[in-house]
Amino acid sequence: MKKIHIIPVLLLATFALNAQSLAKKYVMIEHFTNSKCSTCASKNPAFYTLINQPQYAADVHHVSIHPPYPYNTCEFYLANTAENTAWAALYNFLGTPRVSLNGNLITSSSQLLRQDTLTKYLNKTSPLYLQVSETGTGNTRSAKIQAFALDQIPAGNYKLFVAVIEKTINKVTPNNEAVHHDVFRDMLTPVDGQNFTVPASGSSVELDFNYTINAAWAADQVYVLAYVKDANTKLVLNSGTKFDPVISVGASEP
C-alpha cells in the first residue's frame with residue numbers, strides 16, 4: 001500500500017461548553033496475537049465473547065496486532081512486519097496472546113482477559129473527547145481527528161496514534177481461527193506516536209490524514225482508530241472511532 005502523507009490542520013477552535021463536561025473513557029484494548037499460535041486459538045474465542053457482550057461492546061475499542069512470536073510466518077504479521085513488530089516492542093513481553101487495557105499490560109493467566117479485570121476499566125470518564133470522522137470512496141480515504149478538551153487535561157508527554165484497522169477478516173488460518181477481528185493494517189502516525197500538544201480546557205485541535213486502501217484489504221471493512229497516550233506512563237487518555245456516538249460540545253467559533 002502506498003501511504004499518502006499526513007496533512008496536519010493547524011486549527012485551534014474554542015467552543016462553548018455545555019452540560020457535557022467530561023467524555024466517556026473507552027477501554028482501549030491492544031490485543032497481541034498470532035495466526036499460527038495454537039494458544040491464541042484456544043484463548044481468543046472466550047476473549048472475543050467477553051468484549052462483544054452487549055453490556056461491554058459499546059465501551060470498548062479493540063485492535064489486534066500480530067507480532068512475529070511465536071511464529072514469524074503469521075500472514076497478518078507478514079503484511080506489515082515493521083509496524084507489527086514495533087507496536088509490540090512498546091511493551092516488554094515476548095509471547096502471545098497478551099492484552100493491554102488503556103496502556104496497562106495485563107498479567108498472563110489461563111484466561112486472556114477476565115471479566116472482573118475488564119469491569120474495573122468501565123464507567124470511567126476523560127477530559128479529552130476524540131471525534132473521528134471519515135470520508136472517501138474507493139481506495140482513497142480521509143480521516144479527521146478532532147480532539148476536544150472538555151476540562152483541564154493533566155500535564156504529560158502525550159502522543160497521538162492513528163491506526164488503520166480491518167474490522168472483520170473471515171479466513172481460516174493455520175491455528176484454525178476462522179474469524180479475525182479489528183486487524184491492524186497500517187499506522188498513519190509513527191508507531192510510537194506523533195507529538196501531540198493537548199488543547200487547553202474549552203478548546204479543540206483538528207488533524208486530517210489521507211491514506212490509500214491496499215488491494216488486499218476489504219475496503220468496506222476498513223476504519224480508523226485514534227487514541228492519545230502518555231508516552232512516559234503508557235496510559236491512554238482516550239480513544240475514538242467513527243462508530244462512536246457524537247457528543248455535543250457546543251458551537252465552535254473560528
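This is a short tour of a predicted model, taken one selection at a time.

**Stop 1: helix α1**

Select residues 38–51, which form helix α1. The helix has 14 residues and spans 21 Å from its first C-alpha to its last, close to the 20 Å expected at 1.5 Å a residue. Now pick Asn44: a kink of about 35° lies there, shortly before the proline Pro45.

Which residues of α1 are buried? They are Cys40, Ala41, Lys43, Asn44, Phe47, Tyr48, Leu50 and Ile51.

**Stop 2**

Select Cys37, which is buried at a relative accessible area of 4%. Then go to Cys74, which is in no disulfide. The cysteine sulfur nearest to Cys74 is that of Cys40, 8.6 Å away. Cys74 also counts as buried, with 0% relative accessibility. How many disulfides are there in the model? The count is 0.

**Stop 3: helix α4**

Move to residues 81–89, helix α4. Colour Glu83, Asn84, Trp87 and Ala88, which are buried. These residues lie on the same side of α4 because they cover an arc of only 130° around the axis. On the other side of α4, select Ala82 and Ala89, which are exposed.

What covers the buried residues of α4? The cover includes β3 (27–32), β4 (60–65), α3 (75–78), β10 (158–170), β11 (179–187) and β14 (222–230). Keep β10 on screen for the next stop.

**Stop 4**

Start with Ala163, which lies in strand β10. Ala163 counts as buried, at 0% relative accessibility. Leaving aside its neighbours within four places in sequence, Ala163 is in contact with Trp87, Phe184, Asp186, Met187, Tyr223, Val224 and Leu225. Trp87 in this list is one of the buried residues of α4. Draw a distance from Ala163 to Asp186: the two are 23 residues apart in sequence, and their C-alpha atoms are 5.8 Å apart in space.

Next select Phe161, also placed in strand β10. Is Phe161 buried or exposed? Phe161 is buried, with a relative accessible area of 3%. Beyond its neighbours within four places in sequence, Phe161 has contacts that include Met187, Pro190, Asp192, Leu225 and Tyr227. Val228 is 67 residues from Phe161 in sequence, yet the two are 6.2 Å apart in space, C-alpha to C-alpha.

**Stop 5: the nonpolar cores**

The largest nonpolar core has 26 residues. Select Ile145, Val162, Phe196, Val224 and Val228, the residues with the most contacts inside this core. Which elements give two or more residues to the core? They are β8 (128–135), β9 (140–149), β10, β13 (203–212) and β14.

Zoom in on Phe196. Apart from its neighbours within four places in sequence, Phe196 is in contact with Ala147, Tyr158, Lys159, Leu160, Val205, Leu207 and Val228.

Last, select Val63, Ala88, Ile165 and Tyr223, which are among the members of a second, separate core of 19 residues.

Conventions: Residues are numbered from 1 along each chain as its sequence is written. This is a predicted model: local features need pLDDT of at least 70, side-chain atom pairs count only at pLDDT 80 or more; totals for chains, interfaces and linings use all residues. Side-chain values use heavy atoms; hydrogens and water are left out. Buried means under 20% relative accessible area, exposed over 50%, partly exposed in between (1.4 Å probe, protein chains only). Helices (H or I, at least four residues) and strands (E, at least two) are DSSP runs, numbered from the N terminus. The arc is that of the directions from the helix axis to the C-beta atoms. Contact means heavy atoms within 4.5 Å. A nonpolar core is a set of buried Ala, Val, Leu, Ile, Met, Phe, Trp, Tyr and Cys residues joined through side-chain atoms within 4.5 Å. The expected span of a helix is 1.5 Å times one less than its number of residues. The bend at a residue is the angle between axes fitted to the seven residues ending there and the seven starting there. A disulfide is a pair of cysteine sulfur atoms within 2.5 Å.
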